[in-house]
Amino acid sequence: MKKTIKFSLFIFILSIQFSSGGDFRYLRTSEGLYNGEINSIAQDKSGKMWFATWAGLTSYNGYDFQFFKPELGNPLSLSDKKINRIFIDSKDNLWIASLSGVSLFRKDDQTFHLVKLEGLESATYYVFNFLESKGNVLIHTNAGIFLVYRSKEGGESYHTKKLTLTYQGTKVYDYIHYINTFNDDLAMVSNADSNDPLRILIGELTIDTKDTLINLKKRIVYSHQVNVICHLKNEQKLYLGTSDGISTMSLSQYSITDHAYLSGLDIQNMLVTSDHRIYCYTNDPILYYVDLNSLQKGQYSPDPLNVGSLLDNNIMCMFEDFSGNLWIGHQGLGLSILNLNRKAFSSFKRDPSNNKSLSGNIVMCINSTKQEILVGLRQGGLNVTSKKIGDDGSAEFKVISYMKQNRPVSVFDNIWDIARESDSLFWIASDGGLAKLEKTYSGWIYGKPGERPL
């Protein structure tokens with residue numbers, strides 16, 4: 001059953017506006033979302049967002065929601081409302097994993113088509129993830145890894161083939177608990193069992209006339225359980241989310257540096273985003289991050305008394321859209337949405353105990369050079385400060401006096417406008433008239449000695 005509900009929101013897929021009340025916006029049942037159990041998130045090429053829930057499939061274009069559920073007697077409807085994973089490939093196909101198996105959604109007629117996995121009945125396997133390598137869709141299940149391919153007869157018929165793992169020409173039987181891609185290669189994890197230690201496997205998908213398989217290049221024994229692996233484009237390292245923080249692995253030496261970040265945390269999932277941060281979570285409803293440039297660490301915690309804080313509900317998945325918005329899917333409350341392009345603001349005001357603070361709080365006008373900012377104040381005169389702000393967000397302001405006094409004369413206290421002629425010449429409008437402001441070797445001065453304002 002599919003149903004469309006129109007719901008007007010001041011929120012757009014390509015440019016989400018955030019209120020000043022906090023870091024996050026929300027998408028919940030109170031905003032029109034049908035179900036708040038968000039298991040997986042994807043975005044198609046048109047910008048539409050898709051959400052997998054335990055109550056069906058949801059799409060959202062920034063204004064309208066569309067919901068898909070099974071329809072009795074319709075074999076081309078969604079096969080099962082309990083969806084655990086969705087994926088959109090490079091050809092804009094939407095793949096869906098439910099408790100009834102794998103389906104492909106055709107956008108042109110909005111129909112769902114079951115895709116049978118080689119040798120398996122749908123009720124006998126569980127899909128961990130979808131991924132894409134060398135233009136091929138792979139389905140990772142508890143029964144193995146399957147390659148998706150089109151029928152030789154053409155058309156829209158898809159088939160699958162279970163992939164064999166080989167190492168140095170010999171077939172191996174490592175059970176794959178987790179898999180991800182990097183530079184078209186595959187990074188896999190085979191966690192420890194009673195017989196074998198944990199291994200990190202590096203391989204590539206090989207398709208030729210003889211066989212289709214995953215050829216392993218490296219099998220690396222490791223001491224910590226690995227739950228997730230991420231890669232940042234153009235970097236020669238992998239980030240390993242482990243039971244004891246985030247470790248890194250060199251792709252040139254295949255050496256591992258333990259506890260590189262967030263030591264002591266049991267990382268359940270993580271994502272490297274466009275702002276060069278790693279966002280991750282544990283079993284607690286807290287979103288942690290590490291800035292890979294500054295190495296700054298931080299976290300977003302729920303606060304029921306603060307609108308705009310992270311929703312107070314366990315995190316199930318994360319996804320970054322085309323515009324740099326981080327979507328966090330929760331276990332029951334819906335979505336928290338963080339704009340990664342949002343920059344921190346520094347505020348400046350008059351501090352009577354600090355003679356280097358702004359000389360007034362009513363700002364009438366602003367102009368600037370390449371290096372400095374000129375601020376015109378109502379009953380505060382003209383202030384100048386450097387564009388370089390301190391690491392703590394502080395700045396030093398200096399008053400430019402019309403007379404050679406330590407403070408502006410009252411008639412020039414009221415600045416109405418600042419006009420720039422060049423980096424060294426400005427015109428200042430005030431209650432005292434129009435005055436010329438020049439930059440000299442000794443600093444900023446009003447006009448030349450003996451000159452009166454216009």
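Both faces of strand β30 are covered in this predicted model. Because six of the six residues of β30 are buried, the strand is largely enclosed by the rest of the structure.

- Strands of a sheet pair through backbone hydrogen bonds, in either a parallel or an antiparallel arrangement.

**Pairing of β29 with β30**

- β29 pairs with β30 (residues 325–330) in the antiparallel sense, over five bridges.
- Phe 319 stands opposite Trp 327 of β30, and the bridge partner of Glu 320 in β30 is Leu 326.
- The two strands β29 and β30 form a hairpin with four residues between them.
- In the turn of this hairpin, Gly 324 has a positive phi of about 85 degrees.

**Pairing of β30 with β31**

- β30 also pairs with β31 (residues 335–339), in the antiparallel sense and over five bridges.
- Asn 325 stands opposite Asn 339 in β31.
- The hairpin of β30 and β31 has four residues between the strands, and Gly 334 takes a positive phi near 105 degrees in this hairpin.

- Ser 301 is placed in the loop between β28 (297–300) and β29.
- With a relative accessible area of 31%, Ser 301 is partly exposed.
- Ser 301 and Leu 311 are ten residues apart along the chain, and their C-alpha atoms are separated by 8.3 Å.

**A nonpolar surface patch**

- Trp 54, Leu 99 and Tyr 126 form a nonpolar patch on the surface; together these residues have about 260 Å² of accessible area.
- Trp 54 lies in the loop between β4 (49–53) and β5 (56–60).
- The relative accessible area of Trp 54 is 30%, and the residue is partly exposed.

**Cysteines**

- The count of disulfides is zero, the criterion being a pair of cysteine sulfur atoms within 2.5 Å.
- Cys 230 is in no disulfide, and the nearest cysteine sulfur, that of Cys 280, is 9.4 Å away.
- For Cys 280 the closest cysteine sulfur is in Cys 230, and the distance of 9.4 Å is too far for a bond.
- Cys 230 counts as buried at 7% relative accessibility, and Cys 280 is buried with a relative accessible area of 0%.

Technical notes. Residues numbered from 1 in each chain as written. Predicted model: local features only at pLDDT ≥ 70, side-chain atom pairs only at ≥ 80, totals over all residues. Heavy atoms only, no water. Pairing = 2+ DSSP bridges. Patch = residues over 30% accessible without salt bridge, like charges linked within 9 Å, V, L, I, M, F, W, Y side chains within 5 Å. Areas by Shrake-Rupley, 256 points an atom, 1.4 Å probe, with all protein chains shown as cover. Salt bridge = Lys/Arg side-chain N within 4 Å of Asp/Glu carboxyl O. Buried < 20%, exposed > 50% of the residue type's maximum accessible area, 1.4 Å probe, protein only.
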